[in-house]
Amino acid sequence: MGDNTLNQVTDTPLSQQHITQVAPSRLAAAGLSASIMLLKRALKPFEHVQRHSHSWGQVIYASQGVLSVITPAGRYIVPPEQAVWVPPFVEHEVIALSQVQLSSLYLDDTQIGGFPPDCTCLSVKPVLQLLLQEANALVKSEAGLIDPDFKDSVMRLLMVIRDFMVLAPKVALDLPYPRDKKLLRITEALLADPSEQRTLVDWQREVGASARTLARLFKQQTGLTYSQWLQRLRLQVAIQMLSRGESVLTTALSLGYASGSAFGYMFRQLMGVAPSQYLLVQSTLPKVQCQKYKDK
């Protein structure tokens, strides 16, 4: 959606939430000094890491908080149970939707074997969360520096994390963007108000195309039906709201569901767990205490 990618859905539009533009990391600008590196970075709510790309692959993970990762093909809402794989040379930008502790695993072309060819959301199991927590404690600040006394051990740890990431199950949390201008009018309206109840029959009068044509284009360009696209949008916003501490019922009503049970059915269908179980997992996630170092 080009410049409209910043119109992410929250309780208040991002245009009213004082988005702060921040540059990509110094490591992203300087290039890799090893075949695999870990960057850690703190982001304040609504800080926006500007669009960029690089010649290495990247796994983007938030040990605390919720991220929005945006690529030309779509967007991801990323809680601590997931990470996003971004292949080399793919443009991407990141928005912190809360206070975020960001971990990025950088991989050169010798280390990306086994990862998907396209951007993918990956499940981060508790054991992998703990490995990342340990690596965060050993890597120094944004520069990705490692104490020479621990370098060999840390590199072995990063290789184990890389291997776990390759094996991580894929999660359908992406929201693919269509290209057709008529569909963009619809999806932009849904992004602005995910509780929207209009069907494609309703939309056909507004965008000047039949419901049948719109349905065909949705499937062709996003791989999802209109109702599936709207469900996935609502799931992304629900994850965002639940992670901020909103109740299940408040979240359900905000997204246009008549009851918490109807919302819970959708959530279980897409996430495999009930919203209450998701909240329980959120409350028991390991908390990363990022030690502050001065760069050497």
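1. Contact here means heavy atoms within 4.5 Å. With that in hand, residues 24 or more positions apart account for 78% of the contacts in the chain with a separation of 6 or more.

2. A word on the ground rules before going further. This is a predicted model, in which local features need pLDDT of at least 70, side-chain atom pairs count only at pLDDT 80 or more, and totals for chains, interfaces and linings use all residues. Residues are numbered from 1 along each chain as its sequence is written, and side-chain values use heavy atoms, with hydrogens and water left out.

3. Now the overall picture. The secondary structure comes to 10 helices and 14 strands; helices (H or I, at least four residues) and strands (E, at least two) are DSSP runs, numbered from the N terminus. Of the 296 residues in the chain, 51% are buried. Buried means under 20% relative accessible area, exposed over 50%, and partly exposed in between (1.4 Å probe, protein chains only). The chain exposes about 13,600 Å², and carbon and sulfur atoms supply 53% of that area. Accessible areas come from the Shrake-Rupley method with a 1.4 Å probe, and for residues only the protein chains shown count as cover.

4. Which helix pairs are worth a look? One is α7 (226–243) with helix α9 (residues 260–271), whose axes come within 10 Å and cross at roughly 100°. That makes α7 roughly perpendicular to α9. On the α7 side the contact is made by Q231, R232, R234, L235, A238, I239 and L242, and on the α9 side by F263, M266, F267, L270 and M271. Axes are lines fitted to C-alpha atoms, for helices over the stretch in contact, and angles run from 0 to 180 degrees between N-to-C directions. Angles under 35 degrees count as roughly parallel, over 145 as roughly antiparallel, 65 to 115 as roughly perpendicular and the rest as oblique.

5. Another pair is helix α4 (residues 181–192) and helix α6 (residues 211–222), which pack at an angle of about 85° with their axes 10 Å apart. These two helices are therefore roughly perpendicular to each other. K182, L183, I186 and T187 of α4 make the contact with L214, L217, F218 and Q221 of α6.

6. On to the charged pairs. The count comes to 6 salt bridges, where a salt bridge is a side-chain nitrogen of Lys or Arg within 4 Å of a carboxyl oxygen of Asp or Glu. One of them joins R51 and E93, with the closest N and O atoms 3.1 Å apart. This pair links distant parts of the chain, 42 residues apart: R51 sits in strand β3 (residues 47–52) and E93 in strand β8 (residues 92–96). R51 is partly exposed, at 42% relative accessible area, whereas E93 is buried, at 4%.

7. The side chains of R162 and D163 meet at 2.9 Å, N to O; R162 is buried at 12% relative accessible area, while D163 is partly exposed at 37%. D202 and R205 meet at 3.6 Å, N to O, and both lie in helix α5 (residues 200–207), 3 residues apart, about one turn of the helix. D202 counts as partly exposed at 27% relative accessibility, and R205 is exposed at 63%. There is also a network of salt bridges linking E196, R198 and E206.

8. F164 belongs to helix α3 (residues 151–167) and is partly exposed, with a relative accessible area of 35%.

9. Is S123 buried or exposed? S123 is buried, with a relative accessible area of 12%. This residue is found in strand β10 (residues 120–123). Leaving aside residues up to four places away in sequence, S123 touches E81, A168, P169 and V171.

10. Last, a loop glycine. G245 lies between α7 (226–243) and α8 (248–254) and is exposed, with a relative accessible area of 60%. The C-alpha atoms of G245 and L279 are separated by 8.5 Å, the two residues being 34 apart along the chain.
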